[in-house]
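User: I'd like to learn how to read a protein model. Could you walk me through this one?

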Amino acid sequence: VHAAEVCRRLAHLINARLTLIPAPGIVGSEEMKTVVMADSYVQSAFKQFASINVAFIGIGVPSAESVLMRDGSIITQAELTMLQARGALGDVVLRFFDQDGQPIISEIDNRVIGITPGGTAPDQTRGGGAGGPKKDEVVLAALRGGLINVLITDTGLAARILEQNE
């Protein structure tokens with residue numbers, strides 16, 4: 001399911017107002033980002049970041065099987081290889097981080113259209129959503145780095161994380 005549809009369904013279930021950024025998550029160049037960011041609808045969505053009090057954040061794993069690579073329209077194989085070489089373990093809001101939850105800085109950051117992990121208030125609820133048998137390390141890193149402060153997951157992953165932190 002496309003991320004926008006998941007957001008629509010969740011907003012409906014919790015009676016929240018949904019605002020989608022009318023742009024791709026990553027554009028092809030910094031010049032393109034400048035053009036997209038000049039759009040009044042995009043600017044309107046960005047102005048709402050300051051009023052966010054609860055953020056639901058997906059936690060991804062940059063791998064050949066990930067959504068990032070599914071059709072080659074988000075990042076390229078060369079970009080994935082570069083991120084992995086720099087120690088990228090996961091991503092939140094298309095920003096990559098290492099095993100300690102610290103940012104992996106790359107040229108890709110300059111092409112992302114969206115909020116930054118630090119673009120929310122420190123006391124804001126940042127619920128990270130992840131599940132499955134291959135997300136243990138990436139979720140622990142996101143927690144270590146303070147990228148999320150609430151975990152939304154399945155019982156298997158929750159049990160494994162608790163077990164590792166005993």
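**Reading the sheet and the core**

Analyst: Let's start with the sheet: five strands form an open one, ordered β3-β2-β1-β4-β5, with mixed pairing. Strands (E, at least two residues) and helices (H or I, at least four) are DSSP runs numbered from the N terminus, and two strands pair if DSSP finds at least two bridges between them. This is a predicted model, where local features need pLDDT of at least 70 and side-chain atom pairs count only at pLDDT 80 or more, while totals for chains, interfaces and linings use all residues. Residues are numbered from 1 along each chain as its sequence is written, and side-chain values use heavy atoms, leaving out hydrogens and water.

User: Which strands stand at the edges?

Analyst: β3 (95-97) and β5 (150-152); each has a single partner strand, so one side of each lacks a neighbour in the sheet.

User: How many bridges join β1 to β4?

Analyst: Five, and the two strands run parallel.

User: What about the nonpolar core?

Analyst: Nonpolar side chains tend to be buried together in soluble globular proteins. A nonpolar core is a set of buried Ala, Val, Leu, Ile, Met, Phe, Trp, Tyr and Cys residues joined through side-chain atoms within 4.5 Å; buried means under 20% relative accessible area, exposed over 50%, partly exposed in between (1.4 Å probe, protein chains only). Here the largest core has 15 residues, and Ile59, Val92, Phe97, Val139 and Ala142 touch the most other members. Helix α5 gives the most to this core, five residues.

User: Is Thr81 buried, exposed or partly exposed?

Analyst: Thr81, in helix α4 (residues 77-85), counts as partly exposed because its relative accessibility is 42%.
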